[in-house]
Amino acid sequence: MIRPLRFLIDLLFPPKCCFCGKIVFTHRDDVCPACWDTLPELSGGERRLDAMQKWQPPAQRAAPGFDAGATQPLDGAATPSPTPALPDGMQLEAAVRCVSALRYEGGVRRGFLRYKFSGDYWLGEVFGEIMAGVIFEALDGEFDAVTWAPLSSRRRRKRGYDQAKILAETVAERLGFPLVPTLIKKRDTAANSSLTSAADRAPNVSGAYDVLPDAANLRLLLIDDILTTGATLSECARALIDGGAESVVCAVFAEADGT
Ligand SMILES: [Zn+2]
């Protein structure tokens, strides 16, 4: 854009920090310095990430010797978890790994709600860029294509955009991987935010997704926005592996305390 025009637009509509809403100097400064210093999991400018096993195939949950609550850092230094017997083709470790860029609290929550419900779809590019850095550190070499957990077509029409898709597009572009649509949400489910427990959410999304043939033989990075109980990502990962994907690793913008 022509510089004087950009300057005028910035004067009339001052750019604001994605997280706290304070006015920042230019549209290049999407996150103010104070937020960079205090964002949960980004304190001191060092991006730390959580890795967790949020999902196990239901049939394996009661397997003897398997600790369903175990978490495993991604740095490879962790003690290996006991590995239960899995159905042919199922790769437990790949399917359950999920990294979160931030914790879903304070300014992160306010910024995300603005992204999801106020039509500020451009925030997805900022959030996706933050995710890309974390994913590069944590999951580099573990996937060949990026996909996302989609909205139903009805909900996407109503909102005007699919918030997880914008995150996935940005991650794919920044990291140089193809973005591949692999899932169709074939029916509306109750908004997860209206369901508080994992026990309510798992049946809510069960069987809600169809897998496209393009998922076959891919090592996928599956993107979603917020991780709460993990029900949505678990269902999508299970469907993708059932549908022929070679492996799935997951990444979300933020993790809420929903377990
Ligand atoms: Zn800020």
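Analyst: The largest nonpolar core holds 59 residues, and Met-131 and Leu-222 have the most contacts inside it. Such a core is a set of buried Ala, Val, Leu, Ile, Met, Phe, Trp, Tyr and Cys residues joined through C-beta atoms within 7 Å. A residue is buried if 20 or more other C-beta atoms lie within 10 Å of its own, exposed if 12 or fewer, and partly exposed in between, with C-beta atoms placed from the backbone. The model is a predicted one: local features need pLDDT of at least 70, side-chain atom pairs count only at pLDDT 80 or more, and totals for chains, interfaces and linings use all residues. Numbering runs from 1 along each chain as its sequence is written.

At least two residues of this core come from each of strand E2 (97–103), H4, H5, strand E3 (145–148), helix H7 (163–175), E6, H9 and strand E7 (247–255). H5 gives the most, with nine residues. Helices (H or I, at least four residues) and strands (E, at least two) are DSSP runs numbered from the N terminus; the protein chain has nine helices and seven strands. Of its 259 residues, 37% are buried.

H5 has 17 residues and reaches 23 Å from its first C-alpha to its last, close to the 24 Å expected at 1.5 Å a residue; the expected span is 1.5 Å times one less than the number of residues. Its buried residues include Met-131, Phe-127, Ile-130, Val-134 and Ile-135. After H5 comes Gly-141, with a positive phi near 90°.

H5 (residues 123–139) also packs against H4 (residues 106–117): their axes come within 9 Å and cross at roughly 135°. Axes are lines fitted to C-alpha atoms, for helices over the stretch in contact, and angles run from 0 to 180 degrees between N-to-C directions. H4 is therefore oblique to H5, since angles under 35 degrees count as roughly parallel, over 145 as roughly antiparallel, 65 to 115 as roughly perpendicular and the rest as oblique. Gly-111, Arg-114 and Tyr-115 of H4 meet Leu-123, Gly-124 and Phe-127 of H5, where contact requires C-beta atoms, placed from the backbone, within 7 Å. By class, this contact has three nonpolar, two polar and one charged residues; Ala, Val, Leu, Ile, Met, Phe, Trp, Tyr, Cys and Pro count as nonpolar, Asp, Glu, Lys and Arg as charged, and the others, Gly among them, as polar.

H9, another contributor to the core, is mostly covered, with ten of its twelve residues buried. Its reach from first C-alpha to last is 16 Å, close to the 16 Å expected. Leu-233 lies in H9 (residues 231–242) and counts as buried because it has 25 C-beta neighbours inside 10 Å. The C-alpha atom of Leu-233 is 9.9 Å from that of Val-249, 16 residues apart along the chain. Just after H9, Gly-244 has a positive phi of about 110°.

Arg-219 belongs to strand E6. With 16 C-beta neighbours inside 10 Å, Arg-219 counts as partly exposed. Arg-219 and Phe-143, 76 residues apart in sequence, are 4.7 Å apart in space, C-alpha to C-alpha. Leaving aside residues up to four places away in sequence, Arg-219 touches Glu-142, Phe-143, Asp-144, Glu-246 and Ser-247. In the loop between strand E5 (209–211) and strand E6 (219–227) is Asn-217, which is exposed because it has 9 C-beta neighbours inside 10 Å. Asn-217 has a positive phi, near 65°.

Definitions and conventions:
Contact = placed C-beta atoms within 7 Å.
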